[in-house]
Amino acid sequence: MDASLSSQASQPGGTAGAAAATCAAVLVAAAASGQGKTTVAAALARLHARQGRRVRAFKCGPDFLDPHWLALATGAPVHSLDLWMTGEADCRARLHAAAAECDLLVVEGVMGLFDGTPSAADLAQRFGLPVLAVIDAHAMAGTFGALAYGLQNFRDGLPWAGVLANRVASERHGAMLQQALRNPSQWLGALPRDSRFALPERHLGLVAATELGDAMARLDAAADVLADTPLGRTPAGDLPQVRFEAPASEEAQATPPLLAGRTIAIARDAAFSFIYPANLDVLTALGAKLSFFSPLAGDALPACDAVWLPGGYPELHAQALSACTAMRESLAAHAAAGKPVWAECGGMMALFDELALQDGEQVHRLWGLLPGRVTMQKRLAGLGPQQLSLGSHVLRGHTFHYSSCETPLEPVARTARPGAPQAVGAPAGEALYVHGPVRASYFHAWFASSPQATARLFGAMSIELESHAAFDQA
């Protein structure tokens, strides 16, 4: 067994005497985005899953796309772990529950190891997750060792598993990289640049695994190559073993059944795919019955009390969505009946009158529940953690979009970045629009941060929402 893979333990807070759970675990991180974290994390998970082990994967930070690949690799839902958005107690509970029934936990980091507040390094230290650093070494030699040393030693006490080189040109190149390490025993191997397991990207990130017919073949190809590395040859029992304490009893709170007896219709297809599995769990815990439909497949709007249009890629399917006249009419009738609609980012985009693509020439008529036009841009228009106050309750979440909207509607509220008041001249938070029973924003909400606020988005509260105060106080 490599010295770099020696056992380590985490000591997060918990209730004294509660049953802890121990299993193999690593956090796959990198120096920056685009280094190959998802490829390595999914390949490691797939390698052990196809050997019959029980594997669960998590994603550090808000993300809808990487989890598609991790879920394919493990065959299980992939939840986010974020010390701010989901909260430490939520992270602890999910890690403990998974460790109690699994042989291996694989956590994929976000951006670079120390990027963001909180960062992947913060999560690693909080829960004792040993860091497996992935470094894109396609144009490196000796600097590989300096970068690996810096990642390991930049912060005192960071749990460490070792280093894996990605996009390596040859065996000789890999040997040079290994020799560059201060401690060559930390070498976990190398993956070549190989089109067989390349994961394609577009403007918001990786293409979802569900969109590719050969997605599993790509993961298997990556797992096959990983199997020949020191990391891949290490038995699960010899990987770092991490002890996860049970959540404190006061952290476990029952979700009140505020949506009992209500049916929520949820759009789910290639145009509306940005759905946290945990959000569905919250709606179910609130007592709601969930009914899914696909506008792209021509599904009718199910009989329901409320509609959720999640984020996704309406810009890639604008022509098809424009042709969904029956859906446009059904949603209009739903709103006319005073029934709530929560439209989130891409879901909101689909509700405006028009969507203009980047070239400025293609303009598509959309569903017209919100007045105005959405225009795609070449650069990010919104990115980062956000929170939305609804009366006395606060929903945490994030924003990530390449479009902007022009509308005569005045926002009833705006999201705020966590931790600081709005500075003079700083960009405003995301607008929350209310138009009749339609509530819409670029904001992606993490429902578990406030089930009460979530219930207000979908619930039978006062529909006199033309009064902004009514919405704020309902």
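Which residues in helix H2 are buried?

Mentor: Please bear in mind that this is a predicted model. In H2, the buried residues are Asp66, Pro67, His68, Trp69, Leu70, Ala73 and Thr74. These are seven of the nine residues of the helix, so H2 is largely enclosed by the rest of the structure. Just after H2 comes Gly75, whose phi is positive, at about 75°.

The buried set in H7 consists of Ala215, Arg218, Leu219, Asp220, Ala221, Ala222, Ala223, Val225 and Leu226. Because nine of its twelve residues are buried, H7 too is largely enclosed by the rest of the structure. The length of H7 (residues 215–226) can be checked by simple reasoning: at 1.5 Å a residue, its twelve residues should span 16 Å, and its end C-alpha atoms are 17 Å apart, which agrees.

Although Arg167 is not a glycine, its phi is positive, at about 55°. Its relative accessibility is 23%, so Arg167 counts as partly exposed. The loop between E6 and helix H6 (171–179) contains Ala169. With a relative accessibility of 65%, Ala169 counts as exposed, because that value is over 50%. Ala169 and Ala137 are 32 residues apart along the chain, and their C-alpha atoms are separated by 8.7 Å.

Let us now turn to another pair of helices. Two packed helices are described by the angle between their axes and the distance between the axes. For helix H3 (residues 83–99) and helix H4 (residues 120–127), the angle is about 35° and the axes are 12 Å apart. Their crossing is right-handed. On the H3 side, Leu83, Glu88, Cys91, Arg92 and Leu95 take part; on the H4 side, they meet Asp122, Leu123, Arg126 and Phe127. By type, the residues of this contact are five nonpolar and four charged, with no polar ones.

Leading up to H4, the loop from strand E4 (104–108) holds Pro118. The peptide bond that joins Thr117 to Pro118 is cis, and its omega is near 5°.

Leu123, one of the H4 residues that H3 meets, also belongs to the largest nonpolar core. That core has 41 residues, and Leu105, Leu113, Leu123, Leu129, Phe144 and Phe244 are those with the most contacts inside it. To see what such a residue touches, consider Leu113. Leaving aside residues up to four places away in sequence, Leu113 touches Ala29, Ala30, Ser119, Ala120, Ala121, Val131, Leu151, Leu158 and Trp160. Another core, of 38 residues, lies apart from the largest one, and its members include Ala265, Ala267, Cys345 and Val438.

Cys345, from that other core, is in the loop between strand E14 (341–344) and helix H12 (346–351). Its relative accessibility is 6%, so Cys345 counts as buried. Cys345 is not a glycine, yet its phi is positive, at about 55°.

A further loop residue is Leu357, placed between strand E15 (352–356) and strand E16 (363–365). Leu357 has 16% relative accessibility and therefore counts as buried, as the value is under 20%. When residues up to four places away in sequence are not counted, Leu357 touches Glu315, Gln362, His364 and Met376. The C-alpha atoms of Leu357 and Gln377 are separated by 7.9 Å, and these two residues are 20 apart along the chain.

Finally, these parts may be set against the whole. The protein has 14 helices and 24 strands. Of its 474 residues, 54% are buried. Among contacts between residues at least 6 apart in sequence, 76% join residues at least 24 apart.

Methods
Residues numbered from 1 in each chain as written. Predicted model: local features only at pLDDT ≥ 70, side-chain atom pairs only at ≥ 80, totals over all residues. Heavy atoms only, no water. Axes fitted to C-alpha atoms, helices over the stretch in contact; angles between N-to-C directions. Helix = DSSP H or I, 4+ residues; strand = E, 2+ residues; numbered from the N terminus. Left-handed = near helix turned anticlockwise from the far one by under 90°. Contact = heavy atoms within 4.5 Å. Nonpolar A, V, L, I, M, F, W, Y, C, P; charged D, E, K, R; others polar. Expected span 1.5 Å × (residues − 1). Buried < 20%, exposed > 50% of the residue type's maximum accessible area, 1.4 Å probe, protein only. Core = buried A, V, L, I, M, F, W, Y, C linked by side-chain atoms within 4.5 Å.
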